[in-house]
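Subject: Structure handover

Hello,

Here is the structure you were expecting. Please look it over before reading the notes below.

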Amino acid sequence: MSSRPFNFSAGPAALPEEVLARAAAEMLDWHGSGMSVMEMSHRGREFISIYEAAERDLRELLAVPPNFRILFMQGGGLGENAIVPMNLARTGRVDVVVSGSWSKKSAVEAARYADVKVVAEGFAPVEQWQRRDDADYLHICSNETIDGIEFHELPQLSGSVPLVVDCSSHVLSRFIDWSRVGLAFAGAQKNVGPAGVTLVFVREDLLGRALPICPSAFNYATVAAADSMFNTPPTYGIYIAGLVFQWLKDFSYAGKTGVAAIEQRNIDKAALLYGALDASGFYDNRVPANCRSRMNIPFYLRDERLNDAFLAGAKERGLLQLKGHKSVGGMRASIYNAMPLEGVKALVSYLQDFEKQHG
Ligand code: PMP
């Protein structure tokens with residue numbers, strides 16, 4: 001479309017340019033209403049129509065079954081680390097798989113409300129998890145944004161313990177097997193829209209279990225009963241998310257549309273980038289092939305003294321925000337839904353040129 005740089009930020013992250021352009025065009029006057037979406041009452045018919053379309057489109061895109069409620073909340077991923085136990089930890093037993101940095105934080109936060117058991121560390125197979133049959137739920141992070149680790153399939157838990165999934169950094173990049181899920185949550189700022197909206201998908205039978213200390217605005221049953229309007233929801237963020245959902249519904253690639261199309265493009269993008277990294281002795285991705293993320297690809301220059309030169313050169317070529325998370329160093333390319341194939345090709349060609357120059 002235009003000549004904007006390619007933005008590899010882990011989040012808040014690049015949004016589809018068409019969405020930004022449309023939001024700009026509608027900024028002063030949404031559909032002849034004389035108002036910006038930011039200026040509308042959340043209870044007015046204009047905003048309600050925006051909200052209903054967003055909810056409907058999201059449900060359709062991810063084939064969310066009727067026995068799941070979709071809530072548009074606030075508080076982000078870290079907020080949900082407290083909100084989930086306050087809603088579900090009725091008997092006070094929470095199992096967590098610590099597969100990386102974000103699930104580790106979830107375990108620490110849940111311990112403020114419950115007895116937490118870390119049932120596995122790293123990327124152990126589900127049969128090896130030391131689960132408790134009477135836990136209130138089991139938490140996993142299905143895509144570890146910092147470590148670049150992704151569950152390519154959600155675990156199928158035997159028994160009745162609900163699975164809680166933090167899918168913040170890969171929601172809408174692929175389908176979700178809802179038969180395996182009790183609750184899933186996602187901060188918006190990677191694949192969905194601006195920071196400030198948190199999506200919660202909750203199976204109806206898990207509503208109404210909240211601890212007495214749970215704030216009303218974070219009580220899933222209360223929020224669900226009010227169709228996410230118990231208090232003022234993040235209206236502008238929901239509007240942008242709605243535009244992203246429309247963009248995704250219209251998206252086509254390799255003869256597919258919607259989530260199937262974006263998933264295929266994500267597979268192709270990741271294969272291209274991992275292929276280039278693995279073919280080089282100059283760069284290094286350390287994640288085992290069976291759990292590599294399609295969204296977040298951390299890598300290191302074997303000679304780390306070149307890091308600053310690498311980042312400066314990347315910026316000159318219009319490749320932004322490639323610096324790795326401060327806790328792990330190195331580089332990270334986040335290639336969410338909005339990143340076109342051309343962006344990954346541009347990165348691969350830069351990787352090769354930089355290696356030729358410095359290798
Ligand atoms: N979980 C995951 C997987 C994340 O990637 C992040 C943010 N990068 C969070 C939780 C925390 O989200 P927030 O900053 O919205 O609280």
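This is a predicted model: local features need pLDDT of at least 70, side-chain atom pairs count only at pLDDT 80 or more; totals for chains, interfaces and linings use all residues.

Domains

The protein chain is divided into domain 1, covering 19–248, and domain 2, covering 252–358. Taken over C-alpha atoms, the centres of the two domains are separated by 27 Å. Where they touch, 19 residues of domain 1 are in contact with 19 residues of domain 2. The domain 1 side of that contact has 8 nonpolar, 8 polar and 3 charged residues.

Ligand shell

Eleven positions need listing if you plan to look at the ligand: Gly11, Gly76, Gly77, Leu78, Trp102, Cys141, Thr145, Asp166, Ser168, Ser169 and Gly187 are the residues around the ligand. By class, this shell has 7 polar residues, 3 nonpolar and 1 charged. Helix α3, residues 76–88, gives the most to the shell, with 3 residues.

Backbone points

Gly11, one of the residues around the ligand, is joined to Pro12 by a cis peptide bond, with omega about -5 degrees. Pro12 is placed in the loop between β1 (6–7) and α1. Ser228 is in the loop between α5 (220–225) and α6. For context, most residues other than glycine have a negative phi, and most peptide bonds are trans.

Helix packing

Two packed helices are described by the angle between their axes and the distance between the axes.

Helix α1 (residues 17–25) packs on α6 at an angle of about 135 degrees, and their axes are 9 Å apart. The two helices are therefore oblique to each other. In this pair, α1 passes α6 in a right-handed crossing. On the α1 side the contact has Glu18, Val19, Arg22 and Ala23, which meet Ile240, Leu243, Val244 and Trp247 in α6. By class, the residues of this contact divide into 6 nonpolar, no polar and 2 charged.

Helix α6 (residues 235–250) also packs with helix α2 (residues 45–61): their axes come within 9 Å and cross at roughly 45 degrees. That makes α2 oblique to α6. Here α2 passes α6 in a left-handed crossing. From α2 the contact takes Phe47, Ile50, Tyr51, Ala53, Ala54, Asp57, Leu58 and Leu61, and from α6 it takes Thr235, Ile238, Tyr239, Ala241, Gly242, Phe245, Gln246, Leu248 and Lys249. The residues of this contact divide into 12 nonpolar, 3 polar and 2 charged.

In α7 the contact is made by Arg265, Asp268, Lys269, Leu272, Leu273 and Ala276, and in α9 by Leu341, Val344, Lys345, Leu347, Val348, Leu351 and Gln352. These residues divide into 8 nonpolar, 1 polar and 4 charged.

Regards

Notes. Residues are numbered from 1 along each chain as its sequence is written. Axes are lines fitted to C-alpha atoms, for helices over the stretch in contact, and angles run from 0 to 180 degrees between N-to-C directions. Helices (H or I, at least four residues) and strands (E, at least two) are DSSP runs, numbered from the N terminus. Angles under 35 degrees count as roughly parallel, over 145 as roughly antiparallel, 65 to 115 as roughly perpendicular and the rest as oblique. A crossing is left-handed if the near helix is turned anticlockwise from the far one by less than a right angle, and right-handed if clockwise. Two residues are in contact if their C-beta atoms, placed from the backbone, lie within 7 Å. Ala, Val, Leu, Ile, Met, Phe, Trp, Tyr, Cys and Pro count as nonpolar, Asp, Glu, Lys and Arg as charged, and the others, Gly among them, as polar. A residue is near a molecule or strand if its C-beta atom, placed from the backbone, lies within 6 Å of it. Domain bounds come from an automatic or database domain assignment.
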